[in-house]
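User: I am new to this structure. Can you take me through its charged side-chain pairs?

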Amino acid sequence: MKIVCLDLEGVLVPEIWIAFAQKTGIEFFKKTTRDEPDYDVLMKERIDELKKHSLRLNDIQNVINTIEPLPGAVEFVRNVREKYPLIILSDTFTEFALPLMKKLSLPTLFCNSLLTDSDGFVKSHVMRIDNGKKKAVDCFHQLNYKVFAAGDSYNDLQMIRNADYGALFCPPDNIIKENPDLRIARDYDKLFEYINDGE
């Protein structure tokens with residue numbers, strides 16, 4: 001039996017932090033896992049920047065509430081779920097994701113969490129497990145699933161490479177250049193075609 005594992009931001013919804021950068025005018029928040037391979041480093045930098053500008057979790061959530069799925073994503077998710085189990089493996093946080101999951105008809109999401117202080121400022125991020133995307137794929141293999149995986153950023157590469165097969169979805173040029181052996185899907189039709197491979 002096949003299971004499909006997809007990244008969230010950049011694959012099904014726009015990058016949350018880029019939307020937040022556009023809303024606040026703070027250029028730093030445009031930096032994502034397409035730029036910084038170490039997610040822990042990136043999140044610590046983001047939390048420091050939030051403190052510097054006195055921005056709270058609620059300020060981010062207000063922006064998230066305005067974000068819509070990428071064009072075609074809702075239909076794509078529906079099509080995938082009609083044929084296969086679908087798991088969203090994301091380094092985002094439960095405090096961010098629920099409004100987006102509702103707009104995608106609530107696919108199963110594995111992600112992380114944030115800790116805030118009594119004033120609503122983000123204190124730290126809590127990763128459920130180190131290298132969680134890859135380890136989730138390992139667990140699905142142990143359950144005898146054939147795994148397809150797709151994502152767009154550095155933090156998706158081990159998940160994709162650990163899967164039985166997979167693809168990059170609309171990745172930036174630097175990731176394409178550094179991973180010339182990985183297939184690339186630039187639209188949902190091609191990604192769905194790759195998912196159906198081997199049927």
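This is a predicted model: local features need pLDDT of at least 70, side-chain atom pairs count only at pLDDT 80 or more; totals for chains, interfaces and linings use all residues.

User: How many salt bridges does the structure hold?
Analyst: Take the structure as a whole. A pair counts when a side-chain nitrogen of Lys or Arg lies within 4 Å of a carboxyl oxygen of Asp or Glu. The number of salt bridges is 12.

User: Which residue forms a salt bridge with Lys31?
Analyst: Lys31 sits in the loop between helix H1 (16-24) and helix H2 (39-52). Its partner is in helix H2, 14 residues apart. The N to O distance is 3.0 Å. The partner is Glu45.

User: Is Asp152 buried or exposed?
Analyst: Asp152 meets Arg34 in a salt bridge of 2.8 Å, N to O. The two are 118 residues apart, with Asp152 in the loop between strand S5 (146-151) and helix H7 (157-162) and Arg34 in the loop between H1 and H2. Arg34 is partly exposed at 22%. Buried means under 20% relative accessible area, and Asp152 has 0%, so Asp152 is buried.

User: How far apart are the closest N and O atoms of Lys133 and Asp156?
Analyst: Lys133 lies in helix H6 (residues 132-142), and Asp156 lies in the loop between S5 and H7. Both residues are buried. They form a salt bridge, and the distance between the closest N and O atoms is 2.4 Å.

User: Which residue is linked with Lys133 and Asp156 in a network of salt bridges?
Analyst: Lys133 and Asp156 are 23 residues apart and link distant parts of the chain. Their network of salt bridges also includes Asp7.

Note on methods
Residues are numbered from 1 along each chain as its sequence is written. Side-chain values use heavy atoms; hydrogens and water are left out. Helices (H or I, at least four residues) and strands (E, at least two) are DSSP runs, numbered from the N terminus. Buried means under 20% relative accessible area, exposed over 50%, partly exposed in between (1.4 Å probe, protein chains only).
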